[in-house]
Amino acid sequence: MMISFTINGEQTTVDVDPDTPLLWVIRDELDLKGTKFGCGKAACGACTIHVDGQAVRACSFAVKFAAGKNITTIEGLGTAENLHPVQQAWIEEIVPQCGYCQPGFMMATAAMLEKIPNPTDEDIDNNIVNVCRCATYYRMRKAIHRAAEIRNSNA
Ligand code: FES
Ligand code: FES
């Protein structure tokens, strides 16, 4: 089935089984490898992307539901010349260890900041429920607060 959507600002059409998880379309059909596979059952958040600005776990989101939508992956969050505040904060706080979970955390954080520009620790606990096997949670929390600062100073 032909399914069209916008991904990172570009219109695209894929010819796939409509029940294919969007994660596999992104990684295997569109060759965008920044979005990661962790659990495959919406539990870890490694596959988090944005669909019309909402954080979505792409491993558990059939591609048919992406039709006509605006998708953003980690590759589209910012550019080297124009970093997203979350990317800037992640660099400043040197958050990643192995790095595998980080795109998902960054996408979840970026979506949260659109809804909650000044998150408290409790907001972070309630909204950023991804899993990091390297336990970078302490640096992550600092980076989320820093990202909010950067974002608000740019506003
Ligand atoms: S791979 Fe999607 S939530 Fe874990
Ligand atoms: S940095 Fe290794 S899993 Fe999070």
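Trainee: Where does K36 lie?
Mentor: This is a predicted model: local features need pLDDT of at least 70, side-chain atom pairs count only at pLDDT 80 or more, and totals for chains, interfaces and linings use all residues. Residues are numbered from 1 along each chain as its sequence is written, chains are lettered from A and ligands numbered from 1 in the order in which they are written, and side-chain values use heavy atoms, leaving out hydrogens and water. Helices (DSSP runs of H or I, at least four residues) and strands (runs of E, at least two) are numbered from the N terminus. K36 lies in the loop between helix 1 (22-29) and strand 3 (48-51).

Trainee: How far from K36 is the nearest side chain of opposite charge?
Mentor: Lys and Arg count as positive, Asp and Glu as negative; His and the chain ends are not counted. Buried means under 20% relative accessible area, exposed over 50%, and partly exposed in between (1.4 Å probe, protein chains only). A salt bridge needs a side-chain nitrogen of Lys or Arg within 4 Å of a carboxyl oxygen of Asp or Glu. K36 is buried and has no salt bridge; its nearest opposite charge, E75, is away by 7.2 Å.

Trainee: Which residue has its backbone oxygen 2.8 Å from a polar atom of the K36 side chain?
Mentor: A polar contact is a pair of N or O atoms within 3.5 Å; within protein, one must be able to donate a hydrogen and the other to accept it, and residues adjacent in sequence count only if both atoms are side-chain atoms. For the K36 side chain, the backbone oxygen at 2.8 Å is that of K33.

Trainee: How many salt bridges does a search of the whole structure find?
Mentor: One of the pairs is K142 with E93, at 3.6 Å between the closest N and O atoms. K142 sits in helix 5 (residues 137-154), and E93 in the loop between helix 2 (85-92) and helix 3 (102-115), 49 residues apart. D28, D31 and K33 are linked in a salt-bridge network. The search of the whole structure finds nine.

Trainee: What is the N to O distance between D125 and R141?
Mentor: Their side chains meet in a salt bridge at 2.6 Å. D125 lies in helix 4 (residues 121-127) and R141 in helix 5, so the pair ties together parts 16 residues apart in sequence. D125 is partly exposed at 44% relative accessibility, and R141 is partly exposed at 27%. The N to O distance is 2.6 Å.

Trainee: How many aromatic pairs does the structure hold?
Mentor: Rings of Phe, Tyr and Trp (its six-membered ring) pair if their centres lie within 6.5 Å; planes under 30 degrees apart count as stacked, over 60 as edge-to-face, the rest as tilted. The structure holds three.

Trainee: What is the angle between the planes of W24 and F37?
Mentor: W24 lies in helix 1 and F37 in the loop between helix 1 and strand 3, so the pair ties together parts 13 residues apart in sequence. W24 is partly exposed at 30% relative accessible area, and F37 is partly exposed at 34%. The pair is tilted, 5.3 Å centre to centre, with the planes at 40°.
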